[in-house]
Structure formats: structure tokens, C-alpha cells
Amino acid sequence: MSSGTITRAGTQAPEEQIVRYSFDERANHWINALSYSYCLFTGLALFTPFLYWLAAVLGGGATIRFWHPWVGLVYVASIFWMYSGWKSYMVPIPEDAQWRKSMKYYVTNRDDRVPPQGRFNAGQKLFWKVMFWCTFILVITGIVMWFPEKMPRGAHFLLPITVFIHSATALVTIAAFIIHVYMSVWMTPGSMKAMIDGSVSSRWARAHHRLWYEKVTGRKS
Amino acid sequence: MSNEILEVKAISGHRGGTPGRGVSRAYDVCKLVDTTTCIGCKACEVACLEWNGYDFRETTFDNTYQTMPETAWNFWNLIKFNEYSTDDGVQWLMRKDQCMHCEEPGCLEACPADGAIVQYTNGIVDFNQDNCIGCQYCVTGCPFNIPKFNAETKKVYKCTLCSDRVGAGLEPACIKACPTGCLHFGSKDDMQIEAEKRVVQLKANTSWKNAGVYDPEGVGGTHVIYVLGDARDPEKYGGLPANPTVPIFVRLWKGPLKWLGGVGMVLGVLGVFMHRVRYGAKRVEGEEHRS
Amino acid sequence: MTNGWIDIKNTDMMLIMGGNPAECHPCGFKWVVEARKVRNAKLIVVDPRFQRTASQADLFCQIRSGTDIAFLGGLIYYAIQNNRYNKEYLTNWTNAAFIVKKGFKLPEDGLFSGFDPAAMKYDVSTWNYEEGGNVTGTAAAAIAAGDGPGAAAALAVSVAAKNGAPAAPSLPPDAAYDLSLEHPRSVFQLLKRQYSRYTPEMVSSITGIPANELTKAWDLFTSVRKDGDMKKAATIIYAVGWTQHSFGTQIIRTAAMAQLLMGNVGRAGGGVNALRGHSNIQGATDLAGVFDILPGYLKVPLPTDNDYTTYVTRITPKPSKPKEWDSYNYWSNTPKFAVSFFKAMYGDNAKKENDWGFQYLPKIDRNYSWVNQWNDMYNGKVKGLLTFGMNGVMIGPDSQKNIDALKKADWLVVGEIYPDETSAFWQSPGITDDEKRQIQTEVYRLPCAGFAEKDGTFVNSARWLQWKWVAVPPPGEARVDQEILARIFLKVRELYQKEGGKFPDAILAASWAYTNQNNPSLVEVAKEINGKALADIKDEKQTPSEWKAGQQLPGFGWLRDDGTTSCGNWLYCGSWPDSGSNSQRRNTDDPSGLGIYPTWGWSWPANRRVMYNRASCDLNGKPWDPSRRQIWWNEATGKWAGNDVPDFKADSPPKDHMGPFIMNPEGVGRLFVPLAALADGPFPEHYEPIESPVANQLHPQQSTSPVVKKFTTPLDKYGDPKDFPYICTTYRLTEQYHYWTKNNPVNMQLVPEPFVEIPEELATQLQIKGGDRVKVSSIRSSYYCKAMVTKRIRKMSIAGKETFQVGIPIHWGYKGLPDGRPEEQRTPANLLSPTVIDPNAYTPEFKGFLVKIEKV
């Protein structure tokens, strides 16, 4: 089922390399990442006076206030794009439960005790789930916060609740985001390359996503 | 008010320390609105418009004498008209609605923009549009529905209690225009005394047996206080909240959540760093890695 | 106002009725607030609508428009029955004790004695006092003899008829009186009998105010005079809600009678107080804004006044009083005022030899009131019109008739600061292009200066003359009124000089002694009105005792009837004495604390702030309330002294029993108004408005006032309650001022659109919601606006019938902001009101006519 993605134009797969992300997926990911980051930093500027200097860095308070909701919409759009591409990979499989049981081995790098995983492991699926649902909450609350003057007087009491939920939800995504960035940039060598070039080595694929490796290569190991 | 200049620095013929040194003589300012003598003439509305230089704003007939449903970004002072049937006839309650200049201003608490909202020691809560970023968190924080957004300038505006006039030793424009003496201006202490006296009189000599002063504690008191003919139900006066507070969720957001979030983020970054230090990277055998 | 704005703060009780000062006089209303805050004074508001004044009231009664006499008549009867009057005041300071002529009949069937149905006029010969001195103690005998009002009514009429046109009856010099007030024909007994029919039940059925509310209101108001105690004072405050009826003058009379009965006139915090609707309407009235008076309320000559002597004898009253009493009869000075006025008008051309120029004055052969003139224009008799600061189309009744009248005029000159409906009458709603083409009227629109662009005085409701200075110069080509009028006058005079004409003398003889002929300075005009000595004059009784020729005079006490003084208006004499303008004074000292401010501006007459203030003291000259001392008798100096200027003969000792109401020949206040002072009766009687939903419950056969004439042009239609079931009243709002603030965006922002106030119950019946477009129609025309559905007007029960009234603010029309509204939203409110006028003051009936309402 995934053979089509491998041969997408723009994605080169040298020898012993397996295409992990198509160009569309990578583009999608980076649009998503950049828009999220923008919202993150501008949001943080509005969240606490300690980080209000971020507003200055990003063009001034009024500018970031103006762009935050618009970029937020870009982020929301890109996450739905992502959803349309990856929903089949995010379907739970029996191994997910085993993975979760042996998560402590994963965390402590004793990966030999971790069961084989598909294209995305159970942790990645969890990350996806968190981001997807948080985005859903953020966009609803965000739109309310965008136009508080349209809120009928009788429902004004909802405004502070909305702001609180928006901030709290954003904090949840930030926690997930820190782990995600850490793992991809620093903890799991090769994954950053995968998201940039699109390909991983067979070894890498076999080590981290064996079920997926077997599926796309047809090889049993 | 520039009464700080009256702070004592030194006194003559006195040995030792100077008594009263450093004690500020600046006093809190306060508007007193006696709703029982408001005749809804709207002179305050016009005075506010003219002093602040705002132009004509289109309005439409809305089955009421009230100029518009709510205050607007360029209409900060609105008399609310409310009709009620009572046992022996009709009540027509009029209340001048404007910023209440809370002692604990929810707008200021909610505002993220550096210096966009200023509370002066005399109690005036003022917006500085130069610093305003238009996020409208102040709208969220205000229990009185006062700050109003101008979609064109993307700034929020409200009554300044004529900080420009007050700073020059004048009374606010609305006070100056009031023909019946329903509006008073002075120190908070004086206005409270004035208001209490009026309430005693109302109870003793009029049918306003439930008169009272509106100076809500939930926001630490306000620098605009009302004498209400019927203080049991402030809501009757055009939706004056009975127990206004800075919304609890604004408090949670600006209090615990802000601190927990901040600490959490720092700990999170520190945590993953420590994880790397302790466990290293997930290396795949045979792979070469630049890092 | 008998008193003044600031004096309201001295009151203990206020009845505001036929006025809405919180909305129409918000700045003056501060004194109402002050009285309530400082003195705990009570406020009773009686009005067809619960308006902004009512929102302040201790007690509000919703009254059917046009039934005020019933309410006040009931109040009078309540006060009499419950001993809420002071006998000393009543007997000595009013004509309660006077005996009325035999043959006088009360209007128990709707008519007073002497009615001539063909002429729709009264023969007033029985409306007089009996001659004959003190009859105290004869009451029992008179009752036994069946001597009561109306006993000889038929006789009196027939006598008058037989004699043809008898000489005008006059007051007897020696009026009969009964100090016990018990004689059946004493004014007091007549008063009691007249209003004994105004029971709470009857008044309730007429006015729509529940009987228990009525007695509550009457009891509260009269409570200031509990058991005759004179310490407290009550005031009655009114405005055009009283005057704009076909019996408006009589409503005000009823209030004056209630105040006299209760001893509230002449006293601080008392009085009958008219709130004037313009900043200078009082000044306009004082300076003869009405056709039948000259400046200072001198009467205009009639065609029968063949010469000056006939004229001045007719208009100078002779005292009529109990022998033992004294009467100042101040109008006995009329010749001095008249001659001085002629000297101001005609200068050296007014000489003894030519009757002081009397023949130059116009003589009125018929009614030239505002409504009659427009009616004459409609009938093609009036060919041209000059109008300044007056939007005739809008302010008159039946706007369509006024618009059509202008279509028939040859020319129209409008001096205004904005293009108004009158100068744009040819753009009125519903007019077709064809019709426009047929209009031949030449219209001249002259840009005038606004009030802040010219100097001069305003005379406020409290009779204060206050000078104002120019704030900004008039814009563009706008000119001040006096320049426009002067240029027209000079041109007309030039034409008369060149061409002669039927009677050029009146114009050629007029004095025009201004430095700048084309643009007289208002300082010069004000000084001319005040008056000056034309020769050296002396009066040893006054200090200083001499004035040289050319000097300004300090007061009307100096005016002479020998041509040695000139004065444009005797009432204003003293406003600009030789020492300089008093109207420019701005001193805020108030030594008495009564709000008299004697050196702020100047108040006519003679800078008195409260008129008839002798009545603030008892017989011995001691103030009724020592805490509010206005004036008092000083035995040591033998003079009246006071915080205010005594409105009295300064050296008349209390033992002389001179009456405080010095402008009446009786010297006392009139509960009964004798002779022809009022056309419709010596006592007010409740009559229905010309358009009324019910017949008069007191006398259904005589429902409306018998002397009110309807107009007869094809446009003068009067509606039937079957087709037009709802009562309509008209009024102003705080946010707008008449018809010109609609040119100002801020005013339009505060109340943007025309509306009609409809009671909730009626709106439900008609299925009208707030904000719906509706059409309000009278038999004459329709008014388009939005519906304001309100709790503030309630359903009423009139004669047992469910009745509704609605109200329309008058401000909108077809000129002003915002432009571009559809034509049917630009209708003037007065399209609806009928052409019918009060027989005494000629004020139209803008309140209480009939309409229907439909959803558009």
C-alpha cells in the first residue's frame, strides 16, 4: 500500500536507503512545524511577561497579535492535511500495547526489549493524538479569543474559561513538542535526516520501525 | 493629581527625624454617581464625546431612549435606561455606565502587553494605546464589559476618567457637564461619606427603602461608586453585576497556570537534556552519525 | 414664573404637571433635585406619560391628556374639605370674601350665566362683584331667602339682551364682602360649590387616575397646609403641557387658585411657575410677541378708541375693594407707561398736541393671533410673511394647512441659521413635481446669526435679564437680525418718503435714533427700552431726587405722563440705569441664602425675584416662615425692608390693609376672575378637548368649551373617536431642541429616528413590536415613524371604558440630518394636530387629539 509513496518524484532513494517521507509529507511537516513554532513563540510572548521580549523579536506586540491567529489557521490546515495523509498509519495495532508496556526500555535505550513497530511507533502515535486533539481545542478557543467582541453579553463568562483552556492546552502541546523535538533532533540520529532528505538507511528502518521495514522492502529479517 | 508635591521632606525647628517624611499625600480620586438624581439627560455622554474628540457614530432606533446598547470604543459614557413594572406603577432606572476604575482591575491583570494598561496611584486605570496590541484580553478580564475594540486601529479603548483633566487639577468632563449634581468628584473617602449620607437620607425620606452604595469588594472597590435606589438588585440598573470579581479563570490563568507552565517548560527542557546526558542517543549499529 | 428657578430650592412640596423639566429644562431641574436633597421636599408628577421627570417623583399619576382642570378642581375641593388652607391669608389676601353679583350662575350644566349661543360668547355682566360694603353676619338670612348662585340667571341675561349693547360693565368701587366667608354668594362658597362636583370618583372617571391615587396625591400636596399652618410652602411648576389646550389658560388659573387658596403665592418656595420653552420666550412676551399687547403688557388700541384719552381711560383700571381696605392698583400708572412708550416709539413726533402719536399705532379689529394669520394666509388674505427664528410650518397645528397656506402666499422671507421646513415648504412630503411647478410663492432665505453670534439679553423664565456677549462672529454672509430688520425698515421708510401711500405717518414718525442706522447696536436698543429723562425731572420722595435730561432712569417710579420721560417697556425700566447695565452684572453674593442673588443680572419688575412678596407676611407684616424671610415691615423706619425688593408700596403700614396683589384693582388675589378678563368663565370648568374619546361626564350636553370656535377651511377636519380611538399628545425630548438640532450630528446620534410611544397593552392588541414601522393618522394627515413599545404609558379607564394614549416627540421633519431617508420617514408631527385655539391666549391644542395607529 505504501509502494506508491516511495517512487514519488523529488524523493531520491540511493542504494541501501529507504524512502521514509515523501516530499509532500516533508513539506507538510515543515509547514506544520514552522506555523506551530510561530504560534508557540508568539503565544508564549502573550502568555507571560518574562517572554514578552519575544514579541519584540518577532516584530512587535501588535504584529504578533495580528498574525498569531492567522498562522494558527495555517497550522490547523496543515494538521488536517497531515491527518489525511497519515491517518492509516496512526491506526492502533496490537504491538502498540506491548510497546507501551515496555516503554521504560525504550526510554532507557534498551531497544532490544522493545517490540517491533510499524511506520510510526506507539509513542509517535500518542504524540500525534495529543497534537491533533489539542489543535482541535486550540482552534475552537482561539476563534472565540479572536473575536471576543462578538460574544453575547450573557456568554461573556465563557471568555476567561476559553482563554484558560487555550493556554492550558497549549502547555500540553508544548510538553509534547519538547519531547518530539528532542527525540528527533538529538536522541534518535537519522530521524532529522529522514524529515529533510526523505530517506533512511535500511538499518535504521529495521532498527526503529521493523514492521514497516519488512513491509516496504518485502524482506523478512 | 499632582499632590505628591505636598509630600513632606523637611520641617523647620525640629530636632531628629522629620515626622511624616515620605508619606504620600496623594489621594485616591473617585466619581460618585447618585442614580436617584440622574435624569438621563445625556449631558455626560456629549461632554465625554466632545472632550475626547470623537465624531458622530451611526445609531439606530432600538425601542429605548438609550443611545446605543453598550458603550463603544468611541463612546465611553452611556446612560442605561431600564423600565420595570412594580406593584404601584413603573420604575424607570437610569445609570451612567462607564469604566469603574477598579482597585483590582481585571483588564490590567489580563493584559499581556507591556505598559498598555496603567493604574495610577490615584486609582485611575488608563489605557495606553501606543502599547496596546489589540489582543482584547482586557475584554476578557473586565467584569463590567467596558473595554471596546476598534477593528480598524486594532486597539482597545475606554474611559480614562479624564486622566488628562484630572492630572491638570480639573474634574472629569462628565462631572463638569452634569446639570443636576447627580455626579460628584473628589477623594474616595469623601465620596464614600457623601454616598453613605445620601443612602441614609433616601431610606429615611423616600420610597427607596433599599438604597445602598455600590462599591464592590470583589474588585477591591472601585473609583466610580454608585448610590443605587435599590441596592438589592444592581442587575436592574442595566446589568450592573451584583458581585463583580476578576474572573476566577483569569486569576487561575495569570496565577497558577502561568507559574506552573513556566516552571514546567524549564523542567521539560532540562529533563530531556538530562535524559540525553544519562542515556545517550539511540544509535543503530553500523550507522555513522555526524553528531 | 411668579418666583424663579433658584427659588425652587426653597420649597417643601412640588407639583409638576403639564411640564417635563427633567427633559426640557434639565439645567433648571437641578433646583428640584436640590430641594429634595436639602429640604427633603416631595415631588408629585402628573403627566400622560411616565417621563424622565416622573422617574424622580415621590408620587406619579398618569393623567389623560387635557383633564388637568378636573384634577386641580378636585385638589381645590379636597383642600377646602380637609381644612388645608389658612383663613388669615385666604380672607385678607384673596377675594374669597367678596360677594358675587346676583344672577351669576355656576356651570353645573356646562354654561356660566350670560351665554349667547349664536355668537358663542358670554355676556359678562353677571361676572362681577356685588356692591355694598361689609355684609358679614348676613349669611344666614341670605340662605333663608334662597339667595344663591344662579337664582336670577335668566333675569340677568334678558336684561342684557333688552338693553342691546350696554356700556362695558366695570367693577364696583366698593365691593361687598363677608369676612365669615359664609355668604352663599361669597367667592369662597361659590368656589366650594363649583368644585364639590369634582369628587374623587368623578375626577377618576374623567382623568383615568384611580380614585385612591388621586386622594393620595391631593393629600400629599395639601399636607403643607395641614390645619392651616403656614410654615411650609408648595410650588406648582408647569409648561406647555398646560397651555396647549383649548382651555389652557383656565388650567393655569386653576393652579393659581389652588395656590391662592393654600396661601402659597408670594412666598419663597411657592408660586405658580411657568417654565418657558425658549431661552428668550419671556423676553418676546414682555416685548409684545403677541398681537393684542404692547411692550410691558399695555393693551393694544381698539378701533373704538377714538383718541388717546378714550384709550387710556379704557385701559387704566380703577380700584375695586372693600371700603376699609387699601389697594395700590399699580396699573393706575398706565398713562405714565403709555406716554413714555409713545415717546420711545416716536420721539419728538409724540407731542401732547397730537395725542402723543396715539394715532400712529395700529388698532386691532379682529383676532391676529398666529393661527388666525396662517388661516388668513390659507384663505388668501395674507399675502406675504417675514419669519425669523421661527419654523412656522413645524410649530403650527395642522402642518399641511400651513404648507398649503404658504403655497398661496406671494412671498416668504425666512431668516434662519439652517435651511428649514418653512423655507422649503415646496419640498414637503407627498408633493409632486407638477404641484411644485404651480407654486408661485417667491421665497427669500436670509442667513442669520445664531444665538452665540450676537449679543443682547435673554430673559429667562425667572424674568431675569441677562446680557450675553458674542462668542463667535456670524459665518459667511450671515447677518444679525437687527441689521436685516433695520435695512428693511429703512428701505420701507424711503419708499414711503418717495411715494407717500395711504398712511405713511406711522412709519415716517417712528424714532430711529441709532448711531448706526443700518445696524443698531443692541446696547442702544437696550438703553432705549430702559428709558431716560427727556427733561430735568425731580421727585423729592426718591433718592437721588433729580435726573437730568438725557440720563438713564433707575426705575419705572420715575416715568411721567407729561412727555418728560421715554421708556420702551416700563417693566424693564431699571435694567440699564445711568450707572450702567444691570443685565451684565455677575455678582454671586447671596446674603440671605434664599437664592435671591440680588446683584446677578436684573429681574423685572424692579429687580424683585419673587412677585407679590407682600403675601409672604401675615397681616402685621411678619413673615409666615421666619426661616425664609423675604420681606418684612420695619416699624422703626416705617418702611418695608427685605432680602428681596418689596413688591409693594414701600411705606404702606400693615394697618392700612393694602392688598399684596398690587396689579389687581382689588389688591387681592383672584379666586374668582370678574368680568371679561377671561373669555370662558370666572371659574375654570372641565371641558373636553375638541377631539375627545368621551363626552364630558360633568355635563355631556356641553362637552367642549362653549366659546371655542372651530376653523372652517376644507382642511379643518375634526376626528371622531369611532375612527380615531387613541389620544395623542406631543412633546420634546432632552436630546433635541425643537426643529433645528436635527442638523447637528451629535443630537441625531443620541436619538436617531422619529418614534411614537405606545403602551405595551395597546401594542399587544395591535400586534406591534418595538421598532416596527407604523403610521399614526389623525383625520387630517399621517405621521410615519417607528414604534416604541413601553411600560411607561399604561392603559386607562375613562368613563368605565378602556382607553389608551400615545405620544409623539415633535423634532423630526423633512429638513436636516440624516439626508437620504425615504420621504415617508420625514413627516412633521404637527401634520396630526388640529387647528383649534384657546380663547384667551390663542394657543393651539397640540395635546390631546385623536389618532389611530397602523403597522406599515
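Helix α8 (residues 200–207) of chain C and helix α9 (residues 211–222) of chain C pack at an angle of about 110°, with their axes 8 Å apart; here axes are lines fitted to C-alpha atoms, for helices over the stretch in contact, and angles run from 0 to 180 degrees between N-to-C directions. Because angles of 65 to 115 degrees count as roughly perpendicular, with those under 35 roughly parallel, those over 145 roughly antiparallel and the rest oblique, α8(C) and α9(C) are roughly perpendicular to each other. On the side of α8(C) the contact is made by C:Pro200, C:Glu201, C:Val203 and C:Ser204, and on the side of α9(C) by C:Ala211, C:Leu214 and C:Thr215, two residues being in contact if their C-beta atoms, placed from the backbone, lie within 7 Å. These residues divide into four nonpolar, two polar and one charged, where Ala, Val, Leu, Ile, Met, Phe, Trp, Tyr, Cys and Pro count as nonpolar, Asp, Glu, Lys and Arg as charged, and the others, Gly among them, as polar.

This is a predicted model, in which local features need pLDDT of at least 70 and side-chain atom pairs count only at pLDDT 80 or more, while totals for chains, interfaces and linings use all residues. Residues are numbered from 1 along each chain as its sequence is written, and chains are lettered from A and ligands numbered from 1 in the order in which they are written. Helices (H or I, at least four residues) and strands (E, at least two) are DSSP runs, numbered from the N terminus.

Elsewhere in chain C, strand β28 (residues 805–809) is mostly covered, five of its five residues being buried, that is, having 20 or more other C-beta atoms within 10 Å of their own, as against 12 or fewer for exposed residues and values in between for partly exposed ones, with C-beta atoms placed from the backbone. The cover extends to both faces of β28(C), with C:Gln805, C:Gly807 and C:Pro809 buried on one side and C:Val806 and C:Ile808 on the other. Strand β22 (residues 726–731) of chain C runs parallel to β28(C) and is joined to it by five bridges, and C:Thr730 stands opposite C:Ile808 in β28(C).

Chain A and chain C do not touch, their nearest C-alpha atoms being 21 Å apart, and of the two pairs of chains that touch, chains A and B have the most contacts.

Chain B itself has seven helices and ten strands, and buried residues make up 43% of its 291 residues. Four of its strands form an open sheet of mixed pairing in the order β8-β1-β10-β9, two strands being paired if DSSP finds at least two bridges between them. The edge strands, β8 (183–187) and β9 (212–214) of chain B, each pair on one side only, and neighbouring strands of this sheet are turned by 25° against each other on average, direction ignored. Helix α6 (residues 188–205) of chain B packs on the sheet, touching β1, β8, β9 and β10 of chain B, and its direction makes about 135° with that of β8(B). Within the sheet, β1 (residues 29–34) and β10 (residues 224–228) of chain B pair in the parallel sense over four bridges, and B:Leu32 has B:Ile225 in β10(B) as its bridge partner.
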